[in-house]
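Hi there,

Here is the structure I promised to pass along.

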Amino acid sequence: MKNAGTVLMYNCSGEEFSKLKQIFAMLRLRMRPVEPDRYHVSLEELSQGKGDPVEPASPLPEPMLVFCGMGQALLNQVLEIIRISKLPPIPLKAVLTDTNRSWTTAQLYEELLKERETIAAQKAETT
């Protein structure tokens, strides 16, 4: 049975994420937990299970998911299932793209934080 894609998982261990892992398994998604000793590895290499560990970086302060190698329809399905499953919120989500495939975890995290701040500022302007 072919897997449908890969999800890089940051800070998604523990009981509160067991339902999320069940959902990914049901959808035949490969789960790759990313530990701080691999934060220096490119997202593309992480998605392929490559990259040697080094001295661990500081762990990310919140959970993050990176969806790799899945079509738009499956991605939409995954996001909808997560939404209706009432799981703990994981606001930091990204898709592996040509633009970010060479980025490290830290680069992606910083970019997602900038996006979140921009969106919050835009919402504040409209209210």
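This is a predicted model: local features need pLDDT of at least 70, side-chain atom pairs count only at pLDDT 80 or more; totals for chains, interfaces and linings use all residues.

Let me start with the nonpolar cores. The largest one has 19 residues, and the members that touch the most others within it are L20, F24, L65, F67 and V78. Four elements each supply at least two residues of this core: the strands β1 (5-10) and β3 (64-68), and the helices α1 (18-26) and α3 (72-84). Of these, α3 gives the most, with 5 residues.

Next, the cysteines. How many disulfides does the model have? The count comes to 0. C12 is in no disulfide, and the nearest cysteine sulfur to it, that of C68, is 13 Å away. Seen from the other end, the closest cysteine sulfur to that of C68 is the one in C12, and because the two are 13 Å apart, they are too far from each other for a bond; the cut-off for a disulfide is 2.5 Å between the sulfur atoms. Are these cysteines buried or exposed? C12 has a relative accessibility of 6%, so C12 counts as buried. C68 counts as buried too, because its relative accessibility is 4%.

S85 sits in the loop that runs between α3 and β4 (92-95). Despite its place in a loop, S85 is buried, with a relative accessible area of 14%. Its contacts, again without residues up to four places away in sequence, are K19 and I23.

The other one is G71, which lies in the loop between β3 and α3. Is G71 buried or partly exposed? With a relative accessible area of 43%, G71 is partly exposed. Now look across to G5: G71 and G5 are 66 residues apart along the chain, and their C-alpha atoms are separated by 8.5 Å.

That is everything from my side for now.

Best wishes

Technical notes
Residues are numbered from 1 along each chain as its sequence is written. Side-chain values use heavy atoms; hydrogens and water are left out. Buried means under 20% relative accessible area, exposed over 50%, partly exposed in between (1.4 Å probe, protein chains only). A nonpolar core is a set of buried Ala, Val, Leu, Ile, Met, Phe, Trp, Tyr and Cys residues joined through side-chain atoms within 4.5 Å. Contact means heavy atoms within 4.5 Å.
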